[in-house]
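Open the model in your viewer and keep the selection tool at hand.

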Amino acid sequence: MASFEQHGYDDRSVIQYLLGATSDEETDRLDELSITDDEFASRLRSAENDLVDAYAKGELEGETLERFKSFYLASASRLEKVRFAEAMETMANRSVAAPQMHRPARPTWERVLFWSVAAAAAVMLLVTGYLVQENRRLQREFAQQRERPSASEQRPPVLPKQPDDSASATTPPAPPPAPKILAFVLSPQTRGTGSLAAIMLPPGAGRVVFTLILESDDFPEYRVALRDPASNQIIWRSAGLKARPNGANRSVSVSLPGDLFKPQNYALELTGILPGGVAEFVSTYAFRVGNK
Amino acid sequence: MAAGSQKDWSLSQSAFRRLLSWLDEGVESGGEKYLETRRRLVQYFDRKNCLSPNELADETLNRIARRLAEEGAITGTPPLRYCYIVAKFVFLEYYRRPARAEVSLDGLRNPRDLPSHPAAQADLVADAERRSRCLENCLHKLSPDNRRLILEYYQGDQRTKIDNRRNLASKLQLTMNALSIRACRIRDALEDCVRKCCTGK
């Protein structure tokens, strides 16, 4: 730490420097060190990465956050670094929570890679198979709901289709293991809608499949984003999705990792993609998550 | 050096080789020292909110290369310190330029403050999706050791992250500083790969 002792800087002053909050004299001194001093240059680099990661994770607050927004983000290349960090964070959020065992947890990214390669195929196969069965039931339910005048006026979301629920009433001794996949059907949010759709997620839910009923199918491809209304953050995004027949309607199905959700409100935002890549907002599907 | 002649002068192969050799200070780095110096200069100009940090970094190195070409050597000042002195002049000239454009914030936005227009939101979503796909591809291009290191290095939040890094440094028998340098290099390469992937280069 010769450089540290010799040149008298610490983590705090490095962060202040990155946020443009040091005096002119100190800025000049650290400017010079940033080019001439190998140790300071590497420390600066590392501190900057950690600062950007902290912002992407929502860990910054107060004056540091304000300085970050007003100073740090006023540069295209620094904004690019933030987007990179957010992409890393999004990847981490996409990971499927493995059961908490008494063994060292896999690194978050490693889990992401693992699941993206191995589990994605397997889980999606399961999802598809499950949905074939589930959709038949859901289509019937949806058609029935549409036939009820009061229900169609309010356009209530068709709520949880959680396999094994029916069994729990007659077989009380031990709670059934948490289902790996839960499926829900949501209708688009309309103005003046009454209560928010509520879904119950048991701890350890592996995947949550949402079938979003379309009012009309006007796009060759769709994308879905999950928004946390409290922070106004997009916390998950899908790849391109195709609409499929769903009874008399069309729907888009999307599978999300269960560990994304906490007991709070969420909104799935559906975007249509035109052939030229132009994206158009289609609808919002709001819901509330509760714990089982 | 007259401004007009600076613009007329162009970097030849031999002038560039001389610049590399001068930066290496007798220890052949295979161009690494040049790349690292240029990177530091770009960051310096970027922190000053200059509009074209890459161009200003190249301008700095060109001026040094030209002096080396004309005078054969630069003595009395260590290379990196000399680079800083020239960079400071380049920055002051840039700053005093009458036509210097202010940094436009129009094209910049806080990624958390999503635009309200749905189409613009969708663009952001599409952009983030492309970036995520690129990141996954780029991670797969890393060597297994580097991939493991970068994944573990940035794992966890706050205190957990620090503890993870200590454990990782111990496992790899590296100092924390050496580990940090290695992780930053891998991250730089990853960022570069993602940038190229996103822009289709």
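Select Cys83(B) in this predicted model: Cys83(B) is buried, with a relative accessible area of 0%. Then pick Cys50(B), also buried, at 5%.

Next, show Cys134(B) and Cys197(B), which are joined by a disulfide with an S to S distance of 2.0 Å. The torsion about their S-S bond is about -75 degrees, so this disulfide is left-handed. Cys134(B) sits in helix α6 of chain B and Cys197(B) in helix α9, 63 residues apart.

Cys138(B) is buried at 1% relative accessibility, and Cys193(B) is buried at 19%. Counting bonded cysteines along the chain, the disulfides of chain B follow the pattern 1-4, 2-3.

Bring chain A into view. In the interface, 62 residues of chain B contact 70 residues of chain A, and the area buried between the chains is about 5,900 Å². The rule finds 12 salt bridges across this interface. To see a salt bridge, select Glu32(A) and Arg81(B), whose side chains meet at 2.3 Å, N to O.

Finally, colour α6(B): this helix gives 16 residues, the largest share of the side of chain B that touches chain A. By class, that side has 26 nonpolar, 11 polar and 25 charged residues.

Note on methods: Residues are numbered from 1 along each chain as its sequence is written. Chains are lettered from A and ligands numbered from 1 in the order in which they are written. This is a predicted model: local features need pLDDT of at least 70, side-chain atom pairs count only at pLDDT 80 or more; totals for chains, interfaces and linings use all residues. Side-chain values use heavy atoms; hydrogens and water are left out. Contact means heavy atoms within 4.5 Å. Buried area is the accessible area (1.4 Å probe) that two parts lose on being put together, summed over both. A salt bridge is a side-chain nitrogen of Lys or Arg within 4 Å of a carboxyl oxygen of Asp or Glu. Helices (H or I, at least four residues) and strands (E, at least two) are DSSP runs, numbered from the N terminus. Ala, Val, Leu, Ile, Met, Phe, Trp, Tyr, Cys and Pro count as nonpolar, Asp, Glu, Lys and Arg as charged, and the others, Gly among them, as polar. A disulfide is a pair of cysteine sulfur atoms within 2.5 Å. Buried means under 20% relative accessible area, exposed over 50%, partly exposed in between (1.4 Å probe, protein chains only).
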